[in-house]
Amino acid sequence: MLFPAGIPLFLKLVDRVTNTIISSKQAESAAVNSQTTLWQIDIFPVEGQPNRLASEVLDNAKDLQINHSMAISAARGFLIQGTLTREQVEELTGNLLVEPVVERCEFALVGSDSLSQAPADLSNLVHVLPLPGVTDPQAESALMAMKQLGYPVEVVRTFKKFWVSDLSTADQQLLNSKILCNDSIEMIVVGPLQLSELHLGQKYEFVKRDIALAGLSDDALMQISQDWTLSLSLIEMHTIRDHFETLGRAPSDIELESIAQTWSEHCSHKTLAGRISYRDENGPRTFSNMLKETIFSATMQIRADLGENDWCVSVFKDNAGIVRFDENYNVAFKVETHNRPSALEPYGGANTGIGGVIRDTLGTGMGAKPICNTDVFCFASPGTPYGELPPGVMHPRRIMKGVVSGVRDYGNRMGIPTVNGAVYFDERYVGNPLVFCGNVGLIPKDKSFKEAQPNDLIVSIGGKTGRDGIHGATFSSAELTESSDVTSGGAVQIGNAITEKMLMDVMLAARDRGLYSAVTDCGAGGYSSAVGEMGEELGAEVWLDKVPLKYEGLSYTEIWISEAQERMVFSVPESDWQEFQALCASESVEATVIGQFKPTGQLVLKFEDQVVGDISMSMLHGGRPPVVREATYQPAPPTPLSKIEEKSTEDWTHDLCKILASPNVASKHWIIRQYDHEVQGGSVIKPLVGAENDGPGDAAVVRPVLQSRRGLAISCGTNPRYGDLDTYHMATSAIDEAIRNCVAVGADPSQIAILDNFCWGHTDRPETLGSLVRAAIGCQDLSVVLQTPFISGKDSLHNEFSYTDGDGNRKTISIPATLLISAMGQVPDIANCVTMDLKKAGNVIFQIGVTGNHFGGSHWAMVNGMTGGQVPTVDAERAKSTFAHLHQAIKSGLIRSCHDMSEGGLAVAVAEMAFAGGLGADISTDEIGIEMPEVEAEAEIDVSYALAAILFSESNTRFLVEVEPQDVHAFESIMGDVDVQRIGSVVTEPKLTIEMAHNLVIESDLTALKQAWLGTLDWN
Amino acid sequence: MSQPNVLILRAPGTNCDQETGYAFELAGGTAGFAHINQLIEKPKLIKDYQILCLPGGFSYGDDIAAGRVLASQMQSRLADVLAEFHADGKLILGICNGFQILIKSGFLLPPDEQGLPATLTWNENGRFIDCWVNLKTDNDKCVFLNGVEQMYLPIAHAEGKFVPRNEAILNQLSANHQLALKYCRPGGLNGFVPFPHNPNGSTAHVAGICDETGRIFGLMPHPERHIDPTHHPRWTREGLAERGDGFAVFENAVQYFF
């Protein structure tokens, strides 16, 4: 994309027809006369060193089936503008920009012929530059370093340069648009760069803009909502029009924008926290605030039940939920989604997603110190043929690679271990990948609450403000279409982790010195949301012209709603301002007073002393018109499972391998190893465990306070396939799974806090909203019985992708109903933690829990292309007792290994335990019974059906455990009434055998099982 | 002498400072923290310390190249201060990003007429990797590895491949016992060390280097992440040791002053 409207021309390209470029000679002499010159530095690997950039392009080109004989050479580079001499540029390359030993460079004034000498056989030259205004962290660091070294440099930009062999026009176009350049953040220049200067934006001419609404027709009102990307409904536009009519004036643009941001789905959750009239097979139910009356109410009930033992501290109130940890600290937990930006620019989307959720915990209470991350993704299959993708959609493999590197580069740079995650594949995520980023923070008990005080200064610290992400909040409340990648450029950003790390360092120091009274993050809606929220009870005046800008030319409204990253807003008492500012300055963090909290109840916005906005906080936060939404749920009629063919031992074993190799189950080591999961020095149980450090752990455990032995277990559960059958049971299954994972490593089930993240399709359809309400009711029911409180949550609605297919038909793909449950458990003494790998030959293996015929949505049905069957359900009372007894057994040291049974049931769980431990298992299923509802029991149940249920049913609340022979009796007695079946033993021979009634049904070397599991996502 | 003071130097993007300080404290040192701005402004403050540690992280985002910006900053602003600190018989430790900074600033291996003798660059597989590695020492000279033969430690980096300018340099470093730490196969086996045992493709499997005096040491693995026995990735199988392997590095540094 070249120069989208509204973005200043940072790079002034010389018009090749009307302007002649100044010759290199002229420019060189200009350099001597200390006039501004623009240098280009191309940096190549020296011979013998790999060209990483080129290899990456070739790798991606393979995915797109671009001409396999394509050859490419690539350089990274810098454009440097300043009054630099040739000698100075040479020094800079040696001292700073070029890695000695492994790199070489070529430099000259931009446009010099020497920069466009084609290597042999590579005739096509392409440059890729970040779009004007897009964050360029490398350039920022380079500029800072050059200035510190005393060089007269004004502006730096990075670029990539490619020399490509001759390709067909179609291939070249595909390469340019799908691989070399992502036009939501980058621009492509074919041929040599012809730039005269790197511009610094244009001066802003202040004009206050009012928008007359009085007397406008409904169509005209909706046109305004659309033109300004406000995502406001007609009723909302009416309310705004009427409000300003009573004030006797027209709203200004900034007032309209403020209201749109505050009322956006993203910021106010108006659908789920709104009125809903719901109906399912149990009859009608009316909610005046659905979330409050289901999930939130469950937590309130649990807190009341616990009485003085209530360990929740702050729930559904702050940026993250807070619970008690030990005598000194509480812990905060939040998971956010960043779906739409990730669909358009996976790297930047994921990058700013993790950056954003870290600011959520930082902005909780007086600020929590982030101690670990969790990241869960949903993609279409990375094996999807390119030709089957809908138009305007990026290939899922490319999305996945981008998302993983985005999370990696931000999380690792922040120094926060990424310890937990999951990836879920389903073809319906093709246009709407989901990116869930979560963060846990540690917060001193006495810093868990905040309150901005009258006359406190409003202080912004961290990054500067640019046009980044304008309309992100309202954009994320709209549907994606095939043209989104062209129209939504402003909503996509790149993060700069180091800016956030610097901000975090000074902020935690300021917190401990007591230099502020409140803090919040700048997320969706930018200052508009941050200041609006902090000043809700008080009132605020903001001086928009004081905000530090990345470049000139932003209007007051753009400053107010920009979603530029890495900013946080503080409420600082005037008496503390000097110390606060000095502290920030000591670590090179910019801090600026941008206004003051005033007890007026009004939000007053000024630019150069002129009032541009004056809205009452009550209108902003309480003025949104209530809307009653219809929601219906009709459970799908139960359908029997497709007929099971008779199977041989090879068939059953093959089924097991297919499930192990299916991408949801397969090893995620390619992702996990790219994340630093041990920084901060508190790692206790790593994501990969076992004899070769590569088995799939159930949950990670970290020790956030290095002097203490108390740990936190982080896990998750999600199973969208169950939602296709019944979202109620999908929800309870996800909760059960998240808790199982936590309990399996040693967390105390009586102190697990959970989060909900609902990602759904278009909830304007009553049946879609109904399926969500039903899931929320499931959450409420199970949460109360298990006494497992929800402490925070988030929703992302309207995840649908619309496009026109080859035949001209309008099509829409809705994501499957997706509820992610994230769990944070507490481990009183980490010495009791357990991992899932088999430990010693001779030990006894038990199955805990009751097996049913739960094939609905199961992986066994999926890999065999079967449909129908019972969706897994949760017996709440049984689950509660199972978790409690198993925890007692783990705490008593009776369990050598423990693994949760989920996708693929018994067979997959025991196979994973065996190959993770490098030890075989001999299993007999004779002690396992099958519990079936009466209806199904009447159907024809043959041996194959029973065997399939025992091996692969995904019934909830089940575990496999390994017990030393001498502990068997103690284990059985500690498990009490819980259903426990002795199913076999650990053996030295590296082989898994499962038999039923003395017939061998599964037999495999561990190597074959492990290879199946490792191979699917074992990318380079 | 009493407990040595350890200066943990922070910069924008440093992120292993806290746990590294904790490791030194546990080993009997007294850890203090300073931001690079503070040290540049008041270089004298280093005189109160016996050990300088550059901990892991991504200084200045590792933008341009890992450790490069901080290295050039230290080179231009602190070269004399550090030379004096070293000449006083004190110790300097660089872990991961700290190692990259020590190499790229020339403090660890001083440049000759052709420039820096070696660098640390992108891992062979081109990406960040977190895994555990077996290490073998040459502890003839390196103060920090006194009495240590083998270690099992995690690495977590993208740019840890050691590349010397030529073979002569490598041979000289080897003969001089400066190739203090090398990746090896499990059980300390020598010879060819394939990926992932040599996780980044380092020349001669080099994981850490000391200077000519053995008092400056830089290493890619993270000793501070294997202090506690529960840091070991297989403690639930193999049982709890008394200490993690990495503890010796900090203990040796502190003991050097007793």
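The exercises below use a predicted model.

**Exercise 1.** Work out how helix 24 and helix 25 of chain A are arranged: what is the angle, and what is the hand of the crossing?

*Solution.* 
Step 1: Find helix 24 at residues 727–745 of chain A and helix 25 at residues 766–786 of chain A. Their axes are 7 Å apart and the packing angle is about 40°.
Step 2: That angle makes helix 24 of chain A oblique to helix 25 of chain A, because an angle under 35 degrees would be needed for roughly parallel.
Step 3: For the hand, the crossing of helix 24 and helix 25 of chain A is right-handed.
Step 4: Now look at who touches whom. Helix 24 of chain A brings residues including Tyr728(A), Met730(A), Ile735(A) and Ile739(A), and helix 25 of chain A answers with, among them, Arg774(A), Ile777(A), Cys779(A) and Leu782(A).
Step 5: Sort the contact residues by class, and you get ten nonpolar, six polar and one charged.

**Exercise 2.** Describe the side of chain A that touches chain B: which element gives the largest share?

*Solution.* 
Step 1: Count both sides: chain A puts in 48 residues and chain B 46.
Step 2: List the elements of chain A that supply at least two residues each; helix 2 (52–63), helix 13 (396–414) and strand 26 (683–685) are among them.
Step 3: Pick the top contributor: helix 4 of chain A, with six residues.
Step 4: By class, this side of chain A splits into 20 nonpolar, 16 polar and twelve charged residues.

Notes: Residues numbered from 1 in each chain as written. Chains lettered and ligands numbered in written order. Predicted model: local features only at pLDDT ≥ 70, side-chain atom pairs only at ≥ 80, totals over all residues. Axes fitted to C-alpha atoms, helices over the stretch in contact; angles between N-to-C directions. Helix = DSSP H or I, 4+ residues; strand = E, 2+ residues; numbered from the N terminus. Parallel < 35°, antiparallel > 145°, perpendicular 65-115°, else oblique. Left-handed = near helix turned anticlockwise from the far one by under 90°. Contact = placed C-beta atoms within 7 Å. Nonpolar A, V, L, I, M, F, W, Y, C, P; charged D, E, K, R; others polar.
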